[in-house]
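Trainee: Please take one part of this model and look at it closely. I would like to hear about the salt bridges.

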Amino acid sequence: MLTLKYPGFQGLPEEQRHAMYEQKRLRRAQFVEELFDFYDANKSGYLCKDELQGVLKDIGLAFDDGSVQGMLQRKDKDGSGNISRTEFPEVVREAWGQIPKMVFSDKLGDLYPGQPPLDGDRVVMFLGRTSPAGWALRSVRNLCPYALRGCQILQNVCNNPEMNPEYMEAWMVDHHGGPVKDVEGVAAAAAEHPPTEAGGLMVRLDAVDPPGDGRSTIFVPLRGLSLKKKGGLLSFLGF
(Lines give C-alpha, C1' and ligand atoms only; values in the text may rest on other atoms or scores of the structure.)
Protein backbone atom coordinates (compact mmCIF):
# COMPACT_ATOMS: atom_id res chain seq x y z
CA MET A 1 0.00 0.00 0.00
CA LEU A 2 1.38 3.41 -0.90
CA THR A 3 -0.16 6.52 0.63
CA LEU A 4 0.53 10.17 0.02
CA LYS A 5 -0.54 13.12 2.14
CA TYR A 6 -0.63 16.68 0.84
CA PRO A 7 -1.57 19.57 3.15
CA GLY A 8 -3.27 21.26 0.21
CA PHE A 9 -5.83 18.43 0.11
CA GLN A 10 -7.21 19.22 3.54
CA GLY A 11 -10.78 20.45 3.21
CA LEU A 12 -10.89 20.18 -0.58
CA PRO A 13 -14.05 18.63 -2.07
CA GLU A 14 -13.42 15.33 -3.84
CA GLU A 15 -14.40 16.74 -7.24
CA GLN A 16 -11.77 19.48 -6.81
CA ARG A 17 -9.12 16.91 -5.99
CA HIS A 18 -9.97 14.92 -9.10
CA ALA A 19 -9.81 18.12 -11.14
CA MET A 20 -6.20 18.52 -9.99
CA TYR A 21 -5.35 15.12 -11.47
CA GLU A 22 -7.13 15.90 -14.70
CA GLN A 23 -5.02 19.04 -14.97
CA LYS A 24 -1.95 16.91 -14.29
CA ARG A 25 -2.85 14.59 -17.18
CA LEU A 26 -3.14 17.56 -19.53
CA ARG A 27 0.12 19.10 -18.31
CA ARG A 28 1.98 15.82 -18.60
CA ALA A 29 0.77 15.42 -22.18
CA GLN A 30 2.17 18.89 -22.92
CA PHE A 31 5.42 17.99 -21.19
CA VAL A 32 5.77 14.84 -23.32
CA GLU A 33 5.53 17.05 -26.42
CA GLU A 34 8.20 19.35 -24.99
CA LEU A 35 10.47 16.37 -24.30
CA PHE A 36 10.11 15.10 -27.85
CA ASP A 37 10.92 18.51 -29.32
CA PHE A 38 13.96 18.86 -27.05
CA TYR A 39 15.49 15.50 -28.06
CA ASP A 40 14.52 15.68 -31.74
CA ALA A 41 17.62 17.77 -32.37
CA ASN A 42 17.42 17.75 -36.18
CA LYS A 43 13.62 18.33 -36.16
CA SER A 44 13.02 15.26 -38.29
CA GLY A 45 9.84 14.28 -36.46
CA TYR A 46 11.51 11.03 -35.33
CA LEU A 47 13.90 9.99 -32.56
CA CYS A 48 16.77 7.86 -33.81
CA LYS A 49 18.47 5.29 -31.59
CA ASP A 50 21.03 7.76 -30.21
CA GLU A 51 18.37 10.37 -29.47
CA LEU A 52 16.16 7.74 -27.83
CA GLN A 53 19.08 6.69 -25.62
CA GLY A 54 19.29 10.22 -24.21
CA VAL A 55 15.55 10.24 -23.55
CA LEU A 56 15.59 6.91 -21.69
CA LYS A 57 18.43 8.08 -19.47
CA ASP A 58 16.59 11.25 -18.48
CA ILE A 59 13.13 9.76 -17.90
CA GLY A 60 14.37 6.95 -15.69
CA LEU A 61 14.69 3.81 -17.83
CA ALA A 62 17.72 1.65 -18.57
CA PHE A 63 19.60 3.19 -21.49
CA ASP A 64 22.18 0.57 -22.47
CA ASP A 65 22.24 -0.53 -26.12
CA GLY A 66 20.12 -3.63 -25.45
CA SER A 67 17.44 -1.64 -23.61
CA VAL A 68 17.28 0.98 -26.36
CA GLN A 69 16.95 -1.71 -29.02
CA GLY A 70 14.23 -3.43 -26.99
CA MET A 71 12.30 -0.17 -26.67
CA LEU A 72 12.50 0.33 -30.42
CA GLN A 73 11.17 -3.17 -31.02
CA ARG A 74 8.24 -2.66 -28.63
CA LYS A 75 7.21 0.89 -29.54
CA ASP A 76 8.19 1.33 -33.19
CA LYS A 77 4.79 0.43 -34.59
CA ASP A 78 5.41 1.66 -38.14
CA GLY A 79 8.68 -0.27 -38.57
CA SER A 80 10.71 2.85 -39.38
CA GLY A 81 13.54 1.99 -36.99
CA ASN A 82 12.84 5.23 -35.12
CA ILE A 83 10.30 6.54 -32.62
CA SER A 84 7.78 8.95 -34.08
CA ARG A 85 5.98 11.73 -32.25
CA THR A 86 2.81 9.64 -32.06
CA GLU A 87 4.74 6.64 -30.68
CA PHE A 88 6.69 8.65 -28.11
CA PRO A 89 3.92 8.95 -25.44
CA GLU A 90 4.00 5.16 -25.05
CA VAL A 91 7.74 5.34 -24.33
CA VAL A 92 7.15 7.82 -21.52
CA ARG A 93 4.19 5.82 -20.21
CA GLU A 94 6.41 2.75 -19.87
CA ALA A 95 8.79 4.77 -17.68
CA TRP A 96 6.29 6.73 -15.64
CA GLY A 97 3.19 4.56 -15.73
CA GLN A 98 -0.45 5.48 -16.16
CA ILE A 99 -1.88 8.14 -13.87
CA PRO A 100 -4.41 6.08 -11.88
CA LYS A 101 -7.90 6.97 -10.82
CA MET A 102 -7.57 8.31 -7.30
CA VAL A 103 -9.23 6.82 -4.22
CA PHE A 104 -9.01 9.08 -1.16
CA SER A 105 -9.24 6.97 1.97
CA ASP A 106 -7.36 5.49 4.92
CA LYS A 107 -7.48 1.70 4.74
CA LEU A 108 -4.40 0.86 6.85
CA GLY A 109 -6.41 0.55 10.07
CA ASP A 110 -8.84 -1.81 8.35
CA LEU A 111 -6.10 -4.00 6.90
CA TYR A 112 -3.85 -4.12 9.97
CA PRO A 113 -5.77 -3.49 13.21
CA GLY A 114 -3.66 -1.92 15.92
CA GLN A 115 -1.50 0.14 13.58
CA PRO A 116 -1.42 3.90 14.27
CA PRO A 117 -4.17 5.71 12.32
CA LEU A 118 -3.22 7.81 9.32
CA ASP A 119 -4.44 11.30 10.06
CA GLY A 120 -5.67 13.50 7.25
CA ASP A 121 -6.52 12.66 3.65
CA ARG A 122 -4.31 10.40 1.58
CA VAL A 123 -4.23 8.73 -1.78
CA VAL A 124 -4.16 4.95 -1.32
CA MET A 125 -2.88 2.23 -3.63
CA PHE A 126 -1.33 -1.21 -3.26
CA LEU A 127 2.15 -2.46 -4.19
CA GLY A 128 3.45 -6.03 -4.14
CA ARG A 129 6.29 -6.41 -1.64
CA THR A 130 8.55 -8.20 -4.15
CA SER A 131 7.91 -5.67 -6.92
CA PRO A 132 10.97 -3.69 -8.09
CA ALA A 133 11.43 -0.59 -5.96
CA GLY A 134 11.24 1.47 -9.14
CA TRP A 135 7.52 0.71 -9.06
CA ALA A 136 7.32 2.56 -5.75
CA LEU A 137 8.88 5.68 -7.26
CA ARG A 138 6.76 5.31 -10.37
CA SER A 139 3.68 5.18 -8.15
CA VAL A 140 4.86 8.25 -6.22
CA ARG A 141 5.33 10.08 -9.52
CA ASN A 142 1.78 9.29 -10.60
CA LEU A 143 0.14 9.86 -7.22
CA CYS A 144 1.63 13.31 -6.85
CA PRO A 145 -1.00 15.87 -7.94
CA TYR A 146 1.56 17.73 -10.08
CA ALA A 147 3.36 16.72 -13.26
CA LEU A 148 6.95 15.80 -12.33
CA ARG A 149 10.31 15.97 -14.07
CA GLY A 150 12.03 13.77 -11.53
CA CYS A 151 11.41 11.70 -8.42
CA GLN A 152 14.03 10.31 -6.04
CA ILE A 153 14.46 9.04 -2.49
CA LEU A 154 17.03 10.76 -0.25
CA GLN A 155 18.54 9.38 2.96
CA ASN A 156 19.79 11.28 6.02
CA VAL A 157 23.55 11.04 6.58
CA CYS A 158 23.09 12.18 10.20
CA ASN A 159 20.27 13.03 12.60
CA ASN A 160 18.24 15.67 10.81
CA PRO A 161 15.42 17.06 13.00
CA GLU A 162 14.64 19.83 10.52
CA MET A 163 14.69 17.34 7.60
CA ASN A 164 17.11 19.63 5.76
CA PRO A 165 17.97 18.22 2.27
CA GLU A 166 21.56 19.46 2.73
CA TYR A 167 22.11 16.60 5.19
CA MET A 168 20.83 13.93 2.81
CA GLU A 169 22.27 11.94 -0.07
CA ALA A 170 20.61 10.22 -3.01
CA TRP A 171 19.37 6.74 -2.07
CA MET A 172 17.38 5.84 -5.18
CA VAL A 173 16.65 7.83 -8.34
CA ASP A 174 13.67 6.89 -10.51
CA HIS A 175 14.21 3.42 -12.03
CA HIS A 176 17.97 3.27 -12.52
CA GLY A 177 19.15 3.85 -8.94
CA GLY A 178 21.16 1.15 -7.22
CA PRO A 179 21.63 -1.08 -5.43
CA VAL A 180 18.68 -3.14 -6.65
CA LYS A 181 15.81 -2.98 -4.15
CA ASP A 182 12.27 -4.24 -3.94
CA VAL A 183 9.24 -2.54 -2.42
CA GLU A 184 9.65 -4.53 0.80
CA GLY A 185 13.22 -3.25 1.10
CA VAL A 186 12.09 0.36 0.79
CA ALA A 187 9.30 -0.16 3.34
CA ALA A 188 11.70 -1.88 5.76
CA ALA A 189 14.28 0.92 5.49
CA ALA A 190 11.58 3.55 6.04
CA ALA A 191 10.26 1.62 9.05
CA GLU A 192 13.69 1.21 10.65
CA HIS A 193 14.55 4.91 10.82
CA PRO A 194 12.11 7.82 11.30
CA PRO A 195 12.59 10.55 8.67
CA THR A 196 14.29 12.84 11.22
CA GLU A 197 17.01 10.34 12.20
CA ALA A 198 20.21 9.18 10.52
CA GLY A 199 19.18 6.68 7.86
CA GLY A 200 15.69 8.17 7.55
CA LEU A 201 14.22 8.65 4.09
CA MET A 202 12.62 11.55 2.24
CA VAL A 203 11.16 11.76 -1.24
CA ARG A 204 12.20 14.63 -3.51
CA LEU A 205 9.65 15.57 -6.17
CA ASP A 206 10.64 17.97 -8.96
CA ALA A 207 7.53 19.54 -10.46
CA VAL A 208 7.28 20.53 -14.11
CA ASP A 209 5.50 23.71 -13.04
CA PRO A 210 5.58 25.20 -9.52
CA PRO A 211 2.43 24.30 -7.55
CA GLY A 212 0.32 26.93 -5.83
CA ASP A 213 2.94 27.67 -3.17
CA GLY A 214 5.54 28.48 -5.83
CA ARG A 215 7.94 25.61 -4.99
CA SER A 216 9.24 23.65 -7.97
CA THR A 217 10.89 21.09 -5.64
CA ILE A 218 8.83 19.35 -2.95
CA PHE A 219 10.34 17.31 -0.11
CA VAL A 220 8.10 14.74 1.57
CA PRO A 221 9.16 12.55 4.54
CA LEU A 222 8.77 8.82 4.00
CA ARG A 223 7.68 6.34 6.65
CA GLY A 224 7.05 2.64 6.26
CA LEU A 225 5.63 -0.52 7.73
CA SER A 226 7.55 -3.69 6.98
CA LEU A 227 5.15 -6.61 6.70
CA LYS A 228 7.72 -9.36 6.27
CA LYS A 229 6.44 -11.16 9.37
CA LYS A 230 2.79 -10.77 8.44
CA GLY A 231 0.70 -12.62 5.92
CA GLY A 232 -0.11 -11.10 2.56
CA LEU A 233 1.80 -9.67 -0.37
CA LEU A 234 1.71 -5.95 0.37
CA SER A 235 4.02 -3.44 2.01
CA PHE A 236 3.18 0.00 3.31
CA LEU A 237 4.89 3.29 2.56
CA GLY A 238 3.40 6.45 4.01
CA PHE A 239 3.94 10.17 3.68
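Mentor: Here is a look at the salt bridges, pair by pair. The model is predicted, so local features need pLDDT of at least 70, side-chain atom pairs count only at pLDDT 80 or more, and totals for chains, interfaces and linings use all residues. Residues are numbered from 1 along each chain as its sequence is written, and side-chain values use heavy atoms, with hydrogens and water left out.

A search of the whole structure finds seven salt bridges (a side-chain nitrogen of Lys or Arg within 4 Å of a carboxyl oxygen of Asp or Glu). Start inside helix 1, residues 14-39 (helices are DSSP runs of H or I, at least four residues; strands are runs of E, at least two; both are numbered from the N terminus). Here Glu22 pairs with Arg25, their closest N and O atoms 3.7 Å apart. The two sit three residues apart, about one turn of the helix. Glu22 is partly exposed at 40% relative accessible area (buried is under 20%, exposed over 50%, partly exposed in between, with a 1.4 Å probe and protein chains only). Arg25 is partly exposed too, at 28%.

Next, Arg27 meets Asp209 at 2.4 Å, N to O. Arg27 belongs to helix 1 and Asp209 to the loop between strand 7 and strand 8 (217-225), so this pair ties together parts 182 residues apart in sequence. Arg27 is buried at 13%. Asp209 is partly exposed at 34%.

Arg85 and Glu33 form another salt bridge, 2.7 Å from N to O. Arg85 lies in the loop between strand 3 (83-84) and helix 4 (88-96), and Glu33 in helix 1, 52 residues apart. Finally, salt bridges with shared partners join Arg27, Glu34 and Asp209 into one network.
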